[in-house]
Amino acid sequence: MVASAFLPELWTEILIPVCAVVGIAFSLFQWFIVSRVRVSADQSASSSSGGGKNGYGDYLIEEEEGVNDQSVVAKCAEIQTAISEGATSFLFTEYRYVGVFMVIFAGIIFVFLGSVEGFSTENKPCTYDETKTCKPALATAAFSTIAFVLGAVTSVLSGFLGMKIATYANARTTLEARKGVGKAFIVAFRSGAVMGFLLAASGLLVLYITINVFKIYYGDDWEGLFEAITGYGLGGSSMALFGRVGGGIYTKAADVGADLVGKIERNIPEDDPRNPAVIADNVGDNVGDIAGMGSDLFGSYAEASCAALVVASISSFGINHDFTAMCYPLLISSMGILVCLITTLFATDFFEIKAVKEIEPALKNQLIISTVIMTVGIAVVSWVGLPSSFTIFNFGTQKVVQNWQLFLCVCVGLWAGLIIGFVTEYYTSNAYSPVQDVADSCRTGAATNVIFGLALGYKSVIIPIFAIAVSIFVSFSFAAMYGVAVAALGMLSTIATGLAIDAYGPISDNAGGIAEMAGMSHRIRERTDALDAAGNTTAAIGKGFAIGSAALVSLALFGAFVSRAGVHTVDVLTPKVIIGLLVGAMLPYWFSAMTMKSVGSAALKMVEEVRRQFNTIPGLMEGTAKPDYATCVKISTDASIKEMIPPGCLVMLTPLIVGFFFGVETLSGVLAGSLVSGVQIAISASNTGGAWDNAKKYIEAGVSEHAKSLGPKGSEPHKAAVIGDTIGDPLKDTSGPSLNILIKLMAVESLVFAPFFATHGGILFKYL
């Protein structure tokens, strides 16, 4: 008899929901603090009349310069409302279309999985232990469908709430920038933390409640229970795909149109209120970078948890019904929430930002502090939540594993995430030579800028791939596919902090746009630009985490799929597998082609519309007439809704078509091929785009002598940098981030439909 975990089951049942509730309470507390910054001219006026102070007793730059404070606050509030309404309107339109898909796909799950046993309601022998009886396939079909819907709804809510928080905070960040860069940083970071903790805690809580509700029906049949739970990960990622692709097309169509006509042709600043695409551009930051990214990381978390739980259910944890050890993945996430809570206090309460140069180190320290504390946290969880020795399912055999080995598996994923984060920062931050070299290449025009940027992206793949490879080797050697799954969870364990520093970027970007549109002083715009430049790098770090964790999650799901489908070995020398590998490796290119062309087509319409308005609206360039913002918002909305469907169908239908017609061996090849090529393209695309963006910002800021020699704004090197940035926009914000969803989603979908493919799949090879 294998020993049980040190932590009693009752304590596990209390600790996990308590940690989730603490996370939600902390996010609400951060939101309350942000809400104390007033976006109302009356309150601002009354507070500034009290001894020349505002709010908390900090002098304003406007007061020093004698600017009318009330009109600026009113203008900020007006712009914030326009951005919030535009983002809400787009997401509701997107969710209507996605809702139809969700209902149809839920029906497909139920019919396909129910047909495995001919819709029988009789209990059947268990897949992995035929001496025991398990619940009927029809029950798995019904519960998988429910889990799918729950995952989808949670994913949609994660994205939507994130967007609402970001649009609530953007103007408040702008207004706080009048008091100093430190005040603005704290508002932006607290707002990011609201989203981070809300998403991490709600994802954990919904999953935990779902497991306990399903357990009422399944009883001792944990194999069936956790097989049904995989639908939760599928629901989360399928919504994330549409959110990432739709939001990415929206934001980049507006961004490219605004940049090409505004900056290059008309030589006006970024976010100038005379630019007709400026509102659509700022709306896009929220629907793409915030809502899409929130759904994406929620999907990663849900899938990593599901992959670990499926493997654990057929290991000694599930066989012996050790609930505490079974919940080890959830205990890691619970500890992660507490660790991130402590880490956040370092940025908001323990240390104060006083100068621009302190912003980026403060954000980097968040990653380091959370990783170090989390290492201790994982040691505690591994000691109390696991037996000293246990067995893990390893492709038909049970592998004996010690608790310290599982601790190392989680740690290797956690530290690999930090390495990927820092390598990403090195290649995308304008504080280091790679981006400065890209900026320098702008001297000779856009062509050399593009060549240098592409080379940087390809080179930036090397170290992250080695980090992922080492993680896979170490974790698989210690604990087979379960080790890989918990390594992915280790990388995602500090998701609350990762999301906070990721969401901080778009909030700061919006804050800068609002400052420009409201006509605030140049000094305030400099402060918001400094916040935005740091945010650009943190967004790239966030994407690095998402891609790295997606690789590990996808591999863990692939292992669970192969086990469930009854494939003992995946032999690359067999024709069935090799054709799958080739097709799978091609899919990320096909997908990228679709998303890139979608952005290009939408940007073409946007450029034509912006040019039309500049040419036909009298007084627009002089600032005496207002542009037609609504038409540009409509172009982005229509294009993204229409164009997100084909890439989404490509990803969702590929596993179904391959599994049904060609069987599980070919599908195994497709999953392996898409993982191998998708990770490389995603990292290089994200880092190339991030480097081009920060090369442009490096020239615009003109901080060093080298940067001044390339500027100022409007110079030929600056125009070349803008072109590079424009090319990089769809790479870093549409194709790159969407690819990590492609590799995860195909793997989790294959796992959910594995019983169907194992029973009815490969009809072509049966008759050939």
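**Reading salt bridges and a hairpin**

Trainee: At 3% relative accessibility, does Glu-425 count as buried or exposed?

Mentor: The general idea is that a residue under 20% relative accessible area is called buried. Glu-425 has 3% relative accessibility, so Glu-425 counts as buried. Keep in mind that this is a predicted model.

Trainee: Which residue forms a salt bridge with Glu-425?

Mentor: The test is a side-chain nitrogen of Lys or Arg within 4 Å of a carboxyl oxygen of Asp or Glu. For Glu-425 the partner is Lys-364, and the closest N and O atoms are 3.4 Å apart. The two residues sit in separate helices: Lys-364 in helix 12 (residues 359–385) and Glu-425 in helix 13 (residues 403–428), so the pair ties together parts that are 61 residues apart in sequence. Lys-364 itself counts as partly exposed, at 22% relative accessibility.

Trainee: How many salt bridges are there by this rule?

Mentor: The count is 26 salt bridges.

Trainee: What parts does the pair Glu-665 and Lys-576 tie together?

Mentor: Start with the contact. The side chains of Glu-665 and Lys-576 meet in a salt bridge, 3.6 Å from N to O. Glu-665 belongs to helix 22 (residues 664–701) and Lys-576 to helix 19 (residues 575–616), so this pair links parts 89 residues apart in sequence. Glu-665 is partly exposed at 31% relative accessibility, and Lys-576 is partly exposed with a relative accessible area of 31%.

Trainee: Where do Glu-609 and Arg-612 lie?

Mentor: Both lie in helix 19, three residues apart, which is about one turn of the helix. Glu-609 and Arg-612 form a salt bridge, with 2.8 Å between the closest N and O atoms. Glu-609 counts as buried at 10% relative accessibility, while Arg-612 counts as partly exposed at 39%.

Trainee: Now the strands. In what sense do strand 3 and strand 4 pair?

Mentor: Two strands are said to pair if there are at least two bridges between them. Strand 3 (residues 389–394) and strand 4 (residues 397–402) pair in the antiparallel sense, over six bridges.

Trainee: What do strand 3 and strand 4 form, and which residue in the turn has a positive phi?

Mentor: They form a hairpin with two residues between the strands. Phe-395 in the turn has a positive phi of about 50 degrees.

Conventions. Residues numbered from 1 in each chain as written. Predicted model: local features only at pLDDT ≥ 70, side-chain atom pairs only at ≥ 80, totals over all residues. Heavy atoms only, no water. Helix = DSSP H or I, 4+ residues; strand = E, 2+ residues; numbered from the N terminus. Buried < 20%, exposed > 50% of the residue type's maximum accessible area, 1.4 Å probe, protein only.
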